[in-house]
Amino acid sequence: MGFKEQVQKDLDAVFLNTDEFAEIHRVEGAEITVVMDNDQLNKLKKGQILGLVEADMLLMGKAADFPSNMEPGRLLNVDGRELIVVNSGKDMGLMEVALKQNRNG
């Protein structure tokens, strides 16, 4: 098994395991397995990374489970709440999305 295959296996077996770190949340109407990690968000905020300072939550899950357009400013419905994407990135099949409250809606 190659490195990328092992990472994918670990994503499912460990990181996105609902018995360990992950939870099921409804994102854009689909139930997906994600990790909400506000501890990591607070660490990233200290680095003053553009956009992350104003984020309220960090959501991580399989990139394939998220909509293809995760550009900053996009509205994303999470558990019935419209949130605004402030930053997102993909690495080895994992999507990391920083979100802020939609104060207008």
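**View 1. Strand 2 and strand 3 pair in this predicted model.** Across three bridges, strand 2 (30–36) and strand 3 (57–62) pair in the antiparallel sense, where two strands are said to pair if DSSP finds at least two bridges between them. Strands are DSSP runs of E with at least two residues, numbered from the N terminus. Within this pair, V34 stands opposite G61 in strand 3. This is a predicted model, in which local features need pLDDT of at least 70 and side-chain atom pairs count only at pLDDT 80 or more, while totals for chains, interfaces and linings use all residues. Residues are numbered from 1 along each chain as its sequence is written, and side-chain values use heavy atoms, with hydrogens and water left out.

**View 2. Strand 1 and strand 2 form a hairpin.** These two strands run antiparallel and are joined by five bridges, and E23 stands opposite V34 in strand 2. The hairpin has two residues between its strands, and E28, which lies in the loop between strand 1 and strand 2, has a positive phi of about 50° although it is not a glycine. E28 is partly exposed, with a relative accessible area of 38%; here buried means under 20% relative accessible area, exposed means over 50%, and partly exposed is in between, using a 1.4 Å probe and protein chains only.

**View 3. The structure holds two salt bridges.** A salt bridge is a side-chain nitrogen of Lys or Arg within 4 Å of a carboxyl oxygen of Asp or Glu. In one of them, the side chains of R26 and E31 meet with an N to O distance of 3.2 Å; R26 is partly exposed at a relative accessible area of 36%, whereas E31 counts as exposed at 58%. E28 forms a salt bridge with R74, and the closest N and O atoms of this pair are 3.7 Å apart. Because E28 lies in the loop between strand 1 and strand 2 and R74 in the loop between strand 3 and strand 4 (75–78), the pair ties together parts that are 46 residues apart in sequence.

View 4. Not counting residues up to four places away in sequence, N77 touches R26, V27, E28 and E82, where contact means heavy atoms within 4.5 Å.

**View 5. F66 and L99 in the largest nonpolar core.** A nonpolar core is a set of buried Ala, Val, Leu, Ile, Met, Phe, Trp, Tyr and Cys residues joined through side-chain atoms within 4.5 Å. Of the 15 residues in the largest core, F66 and L99 touch the most other members. Strand 2, strand 3, strand 4, strand 5 (81–91) and strand 6 (94–101) each supply at least two residues of this core, and its largest share, three residues, comes from strand 6. Leaving aside neighbours within four places in sequence, L99 is in contact with residues including A55, M57, L76 and V85. A second, separate core of eight residues includes A22, A55, M60 and A98.

Notes: Helices (H or I, at least four residues) and strands (E, at least two) are DSSP runs, numbered from the N terminus.
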